[in-house]
Amino acid sequence: MTYDEIYQDVQKRLSEYRFTHSIGVAKKAKELAKIYGVDEEVAEKVGIAHDLAKELSDTEMLNYANSNNIEIDEIEKQQPDLLHGKIAADIAKKEYGFNEDMQNAIKWHTTGRANMSKLEKIIYIADKTEENRKGDRFDLEKSRELSKQDLDKTIIFLIDEFIIYGIKNERIIHPCSVSARNYLLFTKNHK
Ligand SMILES: [Fe+2]
Ligand SMILES: [Fe+2]
């Protein structure tokens with residue numbers, strides 16, 4: 001599918017607010033792809049599609065996962081919203097023909113994971129730093145600056161901020177985020 005076709009399909013699935021965020025992610029992903037030598041069109045397509053399942057209800061998410069062989073872990077059982085990445089990846093595979101790397105970038109955009117591909121890193125970062133993002137959970141400007149210099153440092157920075165926020169606000173810290181951080185620190189120290 002072309003970018004425009006995907007754009008139109010995603011638009012039908014999302015509110016204006018969420019779709020504006022998705023356009024921001026597509027734009028930021030394209031910019032990062034250019035800096036870090038990733039196919040810009042691929043990054044843009046994944047960016048626009050990454051949250052396509054975000055506005056399904058908890059019940060719809062659980063039903064979709066159950067009827068499409070998507071594994072639900074203990075944390076997702078408590079917080080079905082976390083499934084929106086896995087579900088969007090499945091839909092993007094079936095409806096848009098996304099390849100495995102593109103599917104993984106969608107699947108892991110919320111938590112990150114160990115050993116991410118460059119495309120996965122770009123989508124993870126674009127989701128958190130796109131121009132429409134607001135909020136005070138972390139230093140947005142610093143993360144935007146860092147994103148132009150080093151993908152790994154940006155991810156470590158973001159995860160550190162989320163962990164600190166999670167501790168202060170009694171939130172669950174997803175083990176995949178901890179794995180992502182440990183992996184990056186480990187490889188950085190053993191280069
Ligand atoms: Fe998301
Ligand atoms: Fe998002």
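Is tyrosine 7 buried, exposed or partly exposed, and what is its relative accessible area? In this predicted model, tyrosine 7 is partly exposed, with a relative accessible area of 26%. Buried here stands for under 20% relative accessible area, exposed for over 50%, and partly exposed for values in between (1.4 Å probe, protein chains only). Local features need pLDDT of at least 70 and side-chain atom pairs count only at pLDDT 80 or more, while totals for chains, interfaces and linings use all residues; side-chain values use heavy atoms, with hydrogens and water left out. Residues are numbered from 1 along each chain as its sequence is written, and chains are lettered from A and ligands numbered from 1 in the order in which they are written.

The protein chain contains 11 helices and zero strands, where helices (H or I, at least four residues) and strands (E, at least two) are DSSP runs numbered from the N terminus. The radius of gyration of the protein chain is 16 Å, which agrees with the value near 16 Å for a compact globule of 191 residues; the radius is taken over C-alpha atoms, and the globule rule is 2.2 Å times the number of residues to the power 0.38. Along the principal axes, the C-alpha atoms fill a box of roughly 40 × 35 × 30 Å. Of the 191 residues, 48% are buried. Contact means heavy atoms within 4.5 Å; among contacts between residues at least 6 apart in sequence, 60% join residues at least 24 apart. The accessible surface comes to about 10200 Å², and 46% of this area belongs to carbon and sulfur atoms. Accessible areas come from the Shrake-Rupley method with a 1.4 Å probe, and for residues only the protein chains shown count as cover.

The structure holds four aromatic pairs. In one of these, the rings of tyrosine 3 and tyrosine 7 have their centres 6.1 Å apart and their planes at 55 degrees, so the pair is tilted. Rings of Phe, Tyr and Trp (its six-membered ring) pair if their centres lie within 6.5 Å, and planes under 30 degrees apart count as stacked, over 60 as edge-to-face and the rest as tilted. Both tyrosines lie in helix H1 (residues 3–13), four residues apart, about one turn of the helix. Tyrosine 3 counts as buried at 16% relative accessibility. Tyr3, Tyr7 and Phe19 form one aromatic cluster.

Helix H3 (residues 40–49) is mostly covered, with seven of its 10 residues buried. These are Ala43, Glu44, Lys45, Val46, Gly47, Ile48 and Ala49. Their cover includes H1, helix H2 (16–36), helix H6 (84–96), helix H7 (100–107) and helix H8 (118–129). Valine 46 of H3 has a relative accessible area of 0% and is buried. Beyond its neighbours within four places in sequence, valine 46 is in contact with Phe98, Met102, Ala105, Ile106, Leu119 and Ile123. The C-alpha atoms of valine 46 and isoleucine 122, 76 residues apart in sequence, are 10.0 Å apart in space.

Threonine 154, in helix H10 (residues 151–168), is buried at 0% relative accessibility. Residues up to four places away in sequence not counted, threonine 154 touches Ile125, Ser143, Leu146 and Ser147. Aspartate 73 lies in the loop between helix H4 (58–67) and helix H5 (74–78) and is partly exposed, with a relative accessible area of 26%. The C-alpha atoms of aspartate 73 and lysine 153 are separated by 28 Å, the two residues being 80 apart along the chain.
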